[in-house]
Structure formats: C-alpha cells, structure tokens
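Dear colleague,

I am handing over the structure below, and my notes on it follow directly after. Please read them with the structure open beside you.

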Amino acid sequence: MKIIIASTIIPFIDGGGLFIADWLCAKLLEYGHQAEICRLPFCPYWRDMPEQMLALRLLHFEEYGDRLICVRTPSYLIKHPSKFIWFIHHHRPMYDLMGSQYQDVPNTKEGLEYRQCVIDADNKSLFEAKKVYSNSKVMSERLMKFNKIKSEVVYPPLINEGSYYCDKYGDYIFYPSRLCQHKRQQLVIQAMKYTKSNVKLVIAGNPDNTTIVSLLEKEIEENDLTNKVTLITRWITHEEKIKYIAESLACAYTPLDEDSYGYVTLESFQSHKAVITCADSGGTIEIVTHGKNGYIVDSRPQEIAEVFDELFINKTKAKRMGDGGFDSIKSHHVSWDNVIKKFTMKI
Amino acid sequence: MKILIVNNASPFIYGGAEFLEDSLQKKLEEYGHSVQLIKIPFSWSTPEAVLDQILAMRLIKIENADRVIALKFPAYFIPHNNKVLWLIHQFRQVYDLWGTEYGSFPDDKSGKTTRDQIRHADDIYIPESKKIYAISKVTSDRLKKYNNIQSEILNPPLIDERLYRFQSYGDYIYYPSRINNSKRQWLAVEAMQYTKSGVKLLITGSPDTKDDLIKLRKSVEKKGVGEKVQIIDHYISQKEKAKYYSECLACAYLPYDEDYGYVTLEAFQCRKSVITLTDSGGTHDLVENGKNGYIVNPNPEDIAQKFDHLFENKLVTREMGNAAFNTIEEKQIRWAKVINKLTE
C-alpha cells in the first residue's frame with residue numbers, strides 16, 4: 001500500500017506527535033508498504049489559526065497514495081478519499097483546558113468565535129474520515145464529549161521494544177521522565193521520608209527549568225534523604241535508561257492527569273517491572289491494574305511509601321507483578337502488528 | 001542558522017529534484033546549520049487545483065526559522081521575511097510547455113485565464129525573495145523572458161564527488177538516466193544502427209512505466225542493434241553507476257529540454273566528455289561543443305558520427321575528458337560557493 005502520513009510541526013521543536021509519525025512511517029516501511037511523511041508547519045496562535053486551517057483544506061493530496069494517515073491536529077483537515085486519523089490530542093487550550101490558566105482565546109465574542117471555528121472544522125473533518133483511532137481511552141472520551149465522534153483506541157507501542165530487558169530485581173525504584181511540576185517527582189521524594197525498608201529511589205530526566213532542579217534538591221536535603229535518593233538532572237541515553245530499568249525493583253510514574261498511559265509504563269512493563277502510579281495520573285490507569293502489574297494509590301507520600309516497602313520486602317511479588325506487566329502489553333494489543341493491521345485495513 | 005527548505009513533493013518518486021533537496025540539507029548541516037525539509041505534495045490535475053494550492057501556500061505561516069530556502073513552484077509562494085529562492089523550475093506548463101503536448105491545460109478561455117493568473121502570481125510573489133538564484137541558465141532565462149525577473153545562476157554540485165573517478169576509456173558510450181520518452185534513450189539506440197566502428201552503447205536506469213521499457217526494447221530489436229546495445233533496466237546503486245562511468249568511452253545525455261541534469265556533472269567528474277543535443281536545454285550550461293563534448297542535432301546519423309569519432313580518436317577523447325573535468329573548477333561548481341550564497 002502507498003501511504004502518506006501527514007502531521008503538523010512547529011519547525012525545530014520536537015514533540016511527541018512527530019515521533020509517532022516518524023515511528024509509524026518507519027514501521028510501515030518495515031512491513032513492506034511504501035510510506036512518506038509530510039510535515040506541515042503550523043503556528044498554533046489562535047488568531048493565526050483559521051487562515052492556516054484553510055491552507056490545509058486547500059491542499060490536493062487526493063491523487064497521491066492509497067491512504068492518508070493524519071496525526072497531529074489539525075492535519076486531518078486535508079482531504080483524501082481514504083483518510084484515517086490517529087488522534088493524539090486536540091488543540092487543548094480551546095478544548096479540555098478551556099477555563100484553566102492555559103485557555104488561549106479571550107472570553108469575548110471574538111475569542112469564542114475563533115474557538116467555534118476550530119471546533120466546527122474539527123467536527124467536519126473528523127467526521128469525513130474513513131476511520132478515527134485515538135491513542136488512549138481518555139482521548140476517545142474527549143472526542144466523544146467534544147465532537148460526538150466515535151473512535152477506536154490503538155495504543156502506540158515502543159519503537160525498539162527488543163532492546164528492553166530485565167537483569168534483576170534490585171533495591172531501587174526508578175522514575176525516568178522530564179523533570180517538571182506535573183510529573184510530580186517531588187511527591188515521590190516525599191514518599192521516601194516514610195519508607196521503613198532499605199528501598200532507594202533513582203530519578204532521572206532533563207529538567208524543564210532550573211527552578212524545578214533546586215526545588216527537588218531542596219526536598220532531598222531538607223528531609224535528609226541524600227543516602228536514599230539519587231537525582232540525575234540531565235537527559236540520559238537510551239542505553240543508560242534501559243540499564244537503569246533492567247536493574248530496578250520497579251518503576252514509578254506519578255504524573256498529574258496525563259492524556260496517555262505514558263511510555264514509561266510501557267518501557268517498564270517491557271522490562272518485566274511493575275509500575276506504581278496514582279489514581280489521579282490519568283491515562284496510566286488504562287493499563288496498570290492494581291495488584292496485578294503494579295499499584296494505583298492515592299497521591300499521598302505515605303501510601304506511595306507503603307507500596308515501595310512492600311515490593312522491597314517481597315521481591316517475588318515484584319517479579320510476579322513485573323511479569324504481569326509484560327503480559328498486559330499483549331492483552332492490550334500494544335504491538336506494531338496491531339497498529340499496521342488497523343492502519344492498512346481495506347475499506 | 002535555523003533553515004527551512006521548502007519544496008513541493010511528488011510522493012513515491014525519487015528524481016533529480018529530490019536528490020537536490022537531500023544534498024542541500026546534508027551540506028547545510030555539514031556547514032553547521034539546523035535544517036528541516038518541508039515537502040508538500042502538489043497536484044496539477046486541474047487548473048482550479050493549481051490555483052487552490054497557490055492560495056494554500058500563501059496562507060501557510062512559518063515561525064521559528066531564520067531563513068527559508070524555496071526550490072519549486074508552488075512552494076516558493078510560502079511567505080517568509082527572509083526567503084531565498086534557488087529555483088529548480090516554475091510551472092512550465094503555463095510557460096514554455098504551453099501549447100505543446102506536455103501542457104495539460106485546455107487551450108480555451110478558462111485555461112488561458114488560469115495560465116495568466118499563475119503567471120501573475122509568479123510576477124508579484126517571486127520578487128519577495130531576498131535573493132533569486134536559478135539552478136541553470138535555462139531556468140534563469142525563462143524567468144527573465146516570461147516574468148522579466150533577474151536571477152543569478154547557481155549550478156548545483158554533486159553530493160559526493162569522490163565517488164566519481166576516472167579508470168579508463170573503454171569501448172562503450174554510457175547513458176544513465178530514468179528510462180522515459182523525454183530522456184530519449186531511443187535516439188541513442190537508433191544512432192547505433194549508423195555507427196561504423198566497434199563502439200557499443202550501455203543504457204542503465206529504471207523505466208518510468210512498463211511501456212517506456214517495452215518501446216525501448218522493441219526499438220533495439222527493430223534496428224537490429226542487439227549485439228551492440230546493452231540495457232540494464234533496474235535501479236543500480238551509486239557505486240555501480242560510478243563504475244560504469246569510470247570505464248566508459250564517453251557519455252550520452254539526450255533529454256528534451258532538461259532543467260539541469262546531473263549526468264553531465266557526474267560524467268565530467270570522471271573525465272568523460274558528454275554528447276548532448278541542441279534541444280537538450282540545461283546541459284548547455286556545462287557542455288561546450290568541441291571542447292568537453294558535442295552538441296549535435298537530434299538525429300541518429302549525427303549522433304552516430306560523434307560516437308564513431310570518439311571511438312576512433314582516443315587522443316581527442318582523452319583531451320576532451322580532461323577539459324570536461326576542468327570545467328567544474330572553471331565554473332566553480334562547489335558546495336562552499338552554494339552554501340555561502342544561500343546563507344549570506
């Protein structure tokens with residue numbers, strides 16, 4: 001099949017949406033299809049959006065390729081007789097973030113008209129697609145709530161799943177992620193105050209800013225946790241990361257209200273490690289089942305500490321739940337086989 | 001510098017224009033720039049579609065780039081306050097190809113109106129660019145003739161010139177190119193029935209369509225030149241191609257009205273002269289009749305005569321081959337120059 005993947009970009013800024021497009025393209029080629037990516041610059045400032053949306057609508061892709069797969073919003077405005085969408089998020093400042101500090105349009109007649117214009121265009125172009133997939137249940141629910149569009153969840157798998165492994169069940173919990181407020185590394189550090197066993201914590205990730213680094217460092221020092229907590233404040237390589245996971249006891253992933261289940265969860269499961277997450281973490285609970293492949297706890301340090309200890313004291317349990325995590329990848333159909341099958345389906 | 005290269009795309013086809021944009025990206029990165037390539041599929045199935053896409057390009061907004069380098073119609077309409085044009089070609093169907101078999105627009109009132117609108121868009125938007133370069137003299141001349149816009153010629157160099165070397169002057173003329181009607185491999189085949197020396201012909205390239213290949217093979221059969229002509233009709237690696245160049249007598253490159261043509265440059269790098277035609281267009285940027293090749297009329301007898309001449313006079317072949325190699329230096333077809341011009 002000849003397939004064009006379209007996605008929008010802000011030049012020279014890499015985002016998750018683009019990775020998915022790149023990976024999908026690489027995998028389609030691997031599975032013997034012809035695939036090309038079309039990256040379209042899109043500036044998401046609300047006043048500039050309608051004109052650029054019209055530009056996408058005026059393009060003529062219809063004679064190219066047997067299928068068009070649109071990824072990042074609003075690339076799906078492009079017309080094609082065999083259009084499929086992998087929906088990863090709305091223009092959130094006009095959707096679920098409306099009313100929060102992240103809302104972009106003003107609450108004036110004009111501002112609300114711009115918003116309505118975006119929603120109308122989304123409705124129309126999503127509706128005309130032959131198939132709409134989303135990357136999570138959260139996203140499918142939002143599509144239904146805001147656009148009345150039915151979608152099927154197709155989870156994005158890891159690109160190099162073969163590189164993950166399990167070496168042992170060590171003595172530390174690993175939390176790999178960008179260091180920022182809403183990933184709540186601070187909460188996990190606070191939990192270490194309440195652990196009773198010798199369990200340790202390793203946090204690694206590129207900091208969003210210097211404020212977050214000093215905040216986390218202060219938390220460690222003030223609570224006298226320097227012996228228990230290691231903080232790596234830089235981007236670690238893939239090799240470093242898989243080694244840290246392979247030798248960990250389990251992984252922690254405790255963001256506040258994420259859209260998707262998060263690659264951390266998947267990476268951890270792929271390495272036969274359980275995942276500790278919070279009830280208010282959002283997408284993670286789609287794949288983490290309490291007691292089976294990890295723990296879903298309230299976002300309080302004491303509760304987190306309790307399960308850290310439990311895993312440390314009972315390594316057989318850590319292994320059993322890690323194996324359970326590995327099995328969940330399969331039972332949720334998180335695989336490229338599934339992705340390719342869904343996106344190359346005959347219509 | 002953060003540089004965005006914008007071009008239109010013909011999905012699933014890889015030709016000279018794709019090679020050029022990839023080479024440019026690679027070289028800009030080598031010179032320390034951050035580069036991103038934007039390729040937008042372009043359809044010219046109807047006049048209305050072409051107008052739609054011109055408008056689409058005007059509505060695209062580029063932020064977070066220090067410079068935009070635009071290569072082709074209609075991508076060069078994308079607005080940016082620091083845009084440089086390195087023109088491969090305009091929409092030729094409304095210029096030099098208008099009224100020929102290659103023009104697909106109807107020659108009626110609506111067709112003409114659209115033609116004039118497209119020309120007008122070129123007239124007013126091309127001069128927005130801070131600098132206007134053209135990849136060849138043909139491209140530059142067209143822009144001057146039809147739109148009265150001045151441009152500077154900036155010939156694209158090879159991406160990996162070290163791949164192309166001289167080995168020997170063998171007994172065959174080499175014609176490497178995609179096999180299609182407008183590249184006119186069939187003219188080279190027809191020429192072979194008039195050769196009197198022991199000169200041979202080697203054609204390599206993937207055919208654009210099955211028909212192109214069948215036609216060429218039939219011609220070989222009909223002219224009874226099967227003994228003297230070899231056709232390799234599938235994609236070959238750069239390395240294989242370089243080897244055929246390095247051991248050939250000279251090259252033939254006979255396209256109809258080409259914009260530029262890398263064949264000439266690759267041949268010259270291997271110290272091989274090039275036989276091309278009076279109506280081949282961009283090849284004339286580099287080929288000078290009698291100095292580093294021959295420019296002959298598009299008929300088989302004239303071509304055959306030059307094939308024989310080169311086969312029988314190896315001294316001439318060598319002299320012209322050396323002159324061909326020196327042409328690259330004389331014309332300063334170097335990446336250092338290209339990058340310098342496009343980023344100044």
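The buried residues of H2(B) are B:Pro47, B:Val50, B:Gln53, B:Ala56 and B:Met57, where buried stands for 20 or more other C-beta atoms, placed from the backbone, within 10 Å of a residue's own. These residues pack against H2 of chain A together with helix H3 (109-125) of chain B. Helices (H or I, at least four residues) and strands (E, at least two) are DSSP runs, numbered from the N terminus. The model is a predicted one, in which local features need pLDDT of at least 70 and side-chain atom pairs count only at pLDDT 80 or more, while totals for chains, interfaces and linings use all residues. Residues are numbered from 1 along each chain as its sequence is written, and chains are lettered from A and ligands numbered from 1 in the order in which they are written.

The 13 residues of H2(B), residues 47-59, should span 18 Å at 1.5 Å a residue (1.5 Å times one less than the number of residues), and this agrees with the 19 Å between its end C-alpha atoms.

Also in chain B, strand E1 (residues 2-9) and strand E2 (residues 34-41) run parallel and are joined by 8 bridges, pairing being called when DSSP finds at least two bridges; B:Val6, for instance, has B:Ile38 as its bridge partner in E2(B).

As for the contact between the chains, 25 residues come from chain A and 25 residues from chain B, counting C-beta atoms, placed from the backbone, within 7 Å. On the side of chain A that touches chain B, E2(A) gives the most, with 6 residues.

With best wishes

Methods
Two residues are in contact if their C-beta atoms, placed from the backbone, lie within 7 Å. A residue is buried if 20 or more other C-beta atoms lie within 10 Å of its own, exposed if 12 or fewer, and partly exposed in between; C-beta atoms are placed from the backbone.
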